[in-house]
Amino acid sequence: MHNLFLGELRHHCVSVWGLKTAEKRGKAVNQRQVHTPEMQQLALDRILMGIRNGSKSMIASVRKDYLDAVLQYNAALVAISITGTKAIIAERLVAWAASAPNLVESFRLPPVLSYATDHFELRSQGPPPPEPFGHTLFTHKVLEEIRNDIKTICLPSWLPTPPRNFGDASHGKLKADLWRSMCTVNMVITLVRCWGSSSATANEKKALENFLHLVSAVDLATSYSMSAEQADRFDHHMLEYLRGLRSLYNVDLVPNHHLSLHLRECLLLFGPTFAWWAFPFERYNGLLQRINTNNRPADMPKSFMRSFYIGAKLRWMSSAELWPADDEDFQEILGAFKDVFQEAAEHSNDRTVRAFSSSLDRDDYSMPLGRSSGQDKELEETLYDVLLAFINSRVDPATPHYASCYDPLDGSNRPFLPSTATFFPYVIRAGATFATCEHSLRNSFVLFRRASGGGEVCAGQVNRIFEHTRDEGDETIVQTYLIIRQYRELLPDHAVHDPFRRFPDINTRLCYNQTHTTENIVRLEDVVCHFASYVYKPEGIDYDCIVVRSLDRVSTVCQVHCNIVLTNLLL
């Protein structure tokens, strides 16, 4: 998907918006007075007068760009470098005039420019060309807003964090995956906040809509599920984006733009792009480059296959053999082996498949793949009652419901629900870490389905995680639960001021930065995904709100929720 991540997202930032030069544009400290041709002549005359009068201060009082142009114009007469400061240049000019007074009369001033400018230079081709439209929008101020938000936006640990000096050459070359997260998460939050407000200019709103067409197209094309309807929506957004490039920026299209118009056919023929994109080949190219060949490259295929077979055999042995459960040495070896292979798997690109996966049809997601060491505790009565009601509401009607152990006078023959549980600071499911807000704030922001919500997806923050064990007939059920504080949804009067809901395909919305007093008990498999968060006070809403940028790449639940809200508002 380098076509989309580098050929489209990076191209838009670098070529259309001029990211690499945005640092210098619109920076107040660098703004200089614009000089008319008359003012240019006065500055040049002052330099010549200073040379004739031997006045260093008079020469140094003129702007550096005039001094540079004068020295370049008289390069054959005066061998003085323009790399020095104004004071050094003034001192050298006075010394030159004193050592060769007969040459002072030969000193000439360059002709003034026929137009007003803030930078005087030797120029014969007329005024500089106008700045590209995209460069006038993406200024230093916008870049600073993006950089400031990078420090504040909360991303889960599996998502790569962009460099804080984004746009500066010092951070080096960014990889395709980092361009993806930067453009589809960080820049979406910042630009919608800045250019989607009522105070934004008409051009800024048009530029935002054009960019979000590209973001929506990239999100749809890289989804881990695909349908004909999604492919059609991708094609719609890509066409609208390219039309906007021509009408808004008047730039020439490049081959990557043409290639992206053929992706719809590929999506319909081959399905989700992760099954056929080139990331695995890129990863193996990097792996091959790092292998020590010992100057025997012909033996590389044999060594590579031998190592692959050894690794596969070890993984099979660790999972297929019945290792002694009571032998600490065996368990320590097995645990170390699993840790190493799990870490290697999490650093490969396929971790995003697991982290982005939805839990719609995955029963195995009820069990975490990893977790921290737990602590057994007695459930407080309030939490126990909530858990009891939750389990009783979901047990098969043919199975007896549980009774409360806090009600020993219950005359029924129902079994008591155990009142102890094991609490954990975090669990790992499908390669993603879900943690309590006390343990890891960035991994605690989640989208989840409430048991009584009819499938509605809500935003919340994980407060506690515990594992509970109970018996249902002859079967022992081990279930992981999360206690989540749900964020309050915007009221209809405030939802109309949410700039994110105007763009349903970016799967982003605002909630109040307040949680309900009642906590939700949620099964691990009912957690949909993480979300990127950012807190600010939007225009038209007098309360702090939290941005909920869904990071789910499978389900369209967040988008459906936004469409329902928008439909209700229009009605």
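The accessible surface of the protein chain is about 29,300 Å², and carbon and sulfur atoms hold 54% of that; the areas come from the Shrake-Rupley method with a 1.4 Å probe, and for residues only the protein chains shown count as cover. This is a predicted model, where local features need pLDDT of at least 70, side-chain atom pairs count only at pLDDT 80 or more, and totals for chains, interfaces and linings use all residues. Residues are numbered from 1 along each chain as its sequence is written, and side-chain values use heavy atoms, without hydrogens and water.

Of the 571 residues in the chain, 47% are buried, meaning under 20% relative accessible area, with exposed over 50% and partly exposed in between (1.4 Å probe, protein chains only). The chain has 19 helices and 12 strands, taken as DSSP runs numbered from the N terminus (helices H or I, at least four residues; strands E, at least two).

Now strand β6, residues 445-449. Five of its five residues are buried. F445, L447 and R449 point one way, V446 and F448 the other. In a regular strand, side chains alternate between the two faces of the sheet.

What does β6 pair with over five bridges? Strand β7, residues 457-472, in the antiparallel sense; two strands pair if DSSP finds at least two bridges between them. Here F445 stands opposite Q461 in β7. β6 also pairs with strand β11, residues 527-536, again antiparallel, over three bridges. There F448 stands opposite V527.

Last, helix α14. I310 is located in this helix, and it counts as partly exposed because its relative accessibility is 43%.
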